[in-house]
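Keep the structure open while you go through the points.

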Amino acid sequence: MAPNMVEPKDPIVAALKKDVLDTVAPNICHGTVRLDPSEGALFYKDGNSESRYLDFTSGALKDEDIQRLVEASERATFGRNNEDVLDESYRKAWKMDISQFASQFDVSKTGILDIVHDQLLHYSKSTKNLEAHLYKLNVYGPGSFFKPHVDTPRSDKLFATLVVVLPTVHAGGNLLLGENGALLNFDSAKQVYDPEAKAPRVAFVAFYSDIEHQVLPVESGYRVTLTYNLHFSEFDGPLMLKSLSSASFTTVLKSFATAIASPSILPKGGALGFGLLYRYPIDPKNTNLREFTGALKGNDALLRAVCKVLGLEPSVKILYSGPSGDKFLSDEVTDGEDISDLYGDGVPLKKKMRDAGGKLVVGYGDSASSSFKLPVVWVTQPSKMVTTDIAYMAYGNEASLAFMYGDLVLVATFPPYRQRVQHLKENFPQVLPKKILEDIEEVLKDFPGEDEEEEEEDSDEDYDGYY
Ligand SMILES: O=C(O)CCC(=O)C(=O)O
Ligand SMILES: [Fe+2]
């Protein structure tokens with residue numbers, strides 16, 4: 001491990017890390033909604049291009065009726081290493097493309113999207129709206145399943161996945177979210193009938209698309225689902241404004257404020273770095289993160305929101321790792337092949353990074369002796385250090401070359417001590433205990449003034465034989 005990757009030794013950084021990691025922002029949501037009797041029909045074309053329909057509100061659908069739908073469907077493939085494959089040891093199910101069916105069920109009228117927006121965009125920009133793009137109809141008969149995978153990003157607008165389970169009599173086919181269902185074991189078969197109203201209803205679950213999920217084998221009957229890709233919409237209309245006050249937000253805010261008030265952490269300034277918890281769709285050939293318009297997910301979004309409020313200018317970056325162990329922060333994602341060329345002799349990466357406005361990451365104790373160097377305290381570890389394999393997902397729900405999930409980092413500027421505590425005192429006197437405010441005043445008495453903090457740029461040092 002390179003020296004700048006060591007665990008934070010400073011107890012205040014360690015406490016900040018703990019608070020950041022302990023926070024649980026919502027990343028999934030689920031529930032049921034009533035299926036209006038006038039909206040229960042599914043029309044589809046059978047093998048002879050004849051139209052047929054099933055009524056999911058009748059409560060009287062028989063397995064034979066659904067078998068006809070199966071006959072009109074295709075066996076479901078999935079994406080493995082950029083190839084679309086049919087492998088029934090991995091996915092055994094049937095699917096129908098949207099050109100083959102029309103469903104009366106209209107998710108935009110159900111209120112589901114409001115719930116999803118509230119949960120999955122909890123701490124993100126309130127100007128983002130979500131649109132549901134119907135993707136497939138899936139049918140699972142007895143013994144059908146879909147092993148663990150993530151949903152392939154076919155666009156950088158992909159944020160989350162919504163699965164709607166239509167009411168049919170079946171057992172099994174639980175949807176597990178997270179590794180082995182660590183986040184949720186969704187037994188939708190038990191939810192698609194409302195015992196009080198004695199009526200069928202639909203069950204839904206939404207989750208960030210990079211979260212691993214699987215469908216357990218169906219034991220009996222047929223499980224029919226509609227899947228939707230939830231994208232950011234272009235429309236930035238009036239939206240509910242989210243209040244950012246919550247217990248998690250306050251805890252993390254206080255922890256950051258304590259770090260800001262600590263003179264032992266980057267007294268001359270630098271940046272705090274965080275490995276993001278979720279993955280984001282990026283174009284592996286050409287992405288400029290300065291134009292990263294997507295919203296962050298769950299905890300990542302909370303972190304960015306707290307940094308913003310505290311004036312720590314957060315930005316999303318990619319962390320490159322050079323062959324000699326050098327780490328660079330950049331806004332630009334470069335074509336994988338290009339990067340492996342760069343790895344050939346290892347030398348041009350530094351030049352390339354400098355040309356692209358990147359920064360050389362230096363360690364905790366170092367100071368920025370040139371504007372190319374950035375001292376970073378990694379509060380939470382970046383999960384991948386080498387970008388040639390930017391999280392290629394071996395198992396996706398579709399083959400795709402255009403986009404992939406990237407492991408990104410969040411970097412928050414951490415101004416020199418005097419400057420950052422000034423901001424804190426002016427804007428957030430209430431989040432710091434009185435004792436800490438007094439300590440700040442004590443430290444400031446002996447602290448070098450802004451002028452003395454400035455360092456000469458030793459630009460020569462960066463031209464140490466690399467050019
Ligand atoms: O049908 C489901 O429950 C989920 C299907 C799925 O994960 C997918 O199509 O990617
Ligand atoms: Fe999936």
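In which sense do strand β27 and strand β28 pair, and over how many bridges? Point 2 has the answer.

1. Ground rules. This is a predicted model, where local features need pLDDT of at least 70, side-chain atom pairs count only at pLDDT 80 or more, and totals for chains, interfaces and linings use all residues. Residues are numbered from 1 along each chain as its sequence is written, while chains are lettered from A and ligands numbered from 1 in the order in which they are written.

2. Strands β27 (residues 359-362) and β28 (residues 373-380) pair in the parallel sense, over three bridges. Within this pair, V361 has L374 of β28 as its bridge partner. Two strands count as paired if DSSP finds at least two bridges between them. Both strands belong to a barrel that six strands close, in the order β21-β28-β27-β25-β24-β31, with mixed pairing.

3. The open sheet. Three strands form an open sheet in the order β3-β2-β9, and the pairing is antiparallel. Its edge strands are β3 (51-55) and β9 (101-103), each pairing on one side only. β2 (residues 41-45) and β9 share three bridges. At one of these places, F43 has A102 of β9 as its bridge partner.

4. Overall make-up. The protein has ten helices and 31 strands. Both are DSSP runs numbered from the N terminus: helices are H or I with at least four residues, strands are E with at least two. Of the 467 residues, 41% are buried. Buried means that 20 or more other C-beta atoms lie within 10 Å of the residue's own; exposed means 12 or fewer, partly exposed is in between, and C-beta atoms are placed from the backbone.

5. Helix α3. Which residues of α3 (residues 112-120) are buried? They are I112, L113, V116, H117 and L120. They lie on the same side of α3, because they cover an arc of only 130° around the axis. That arc is taken from the directions from the helix axis to the C-beta atoms. Their cover includes β1 (28-34), β10 (130-140) and β12 (158-165).

6. Ligand 1. Its surrounding residues include K136, N138, D151, H213 and T225. Near here means a C-beta atom, placed from the backbone, within 6 Å of the molecule or strand. β10, β18 (213-215) and β20 each supply at least two residues of this shell.

Key. Contact = placed C-beta atoms within 7 Å.
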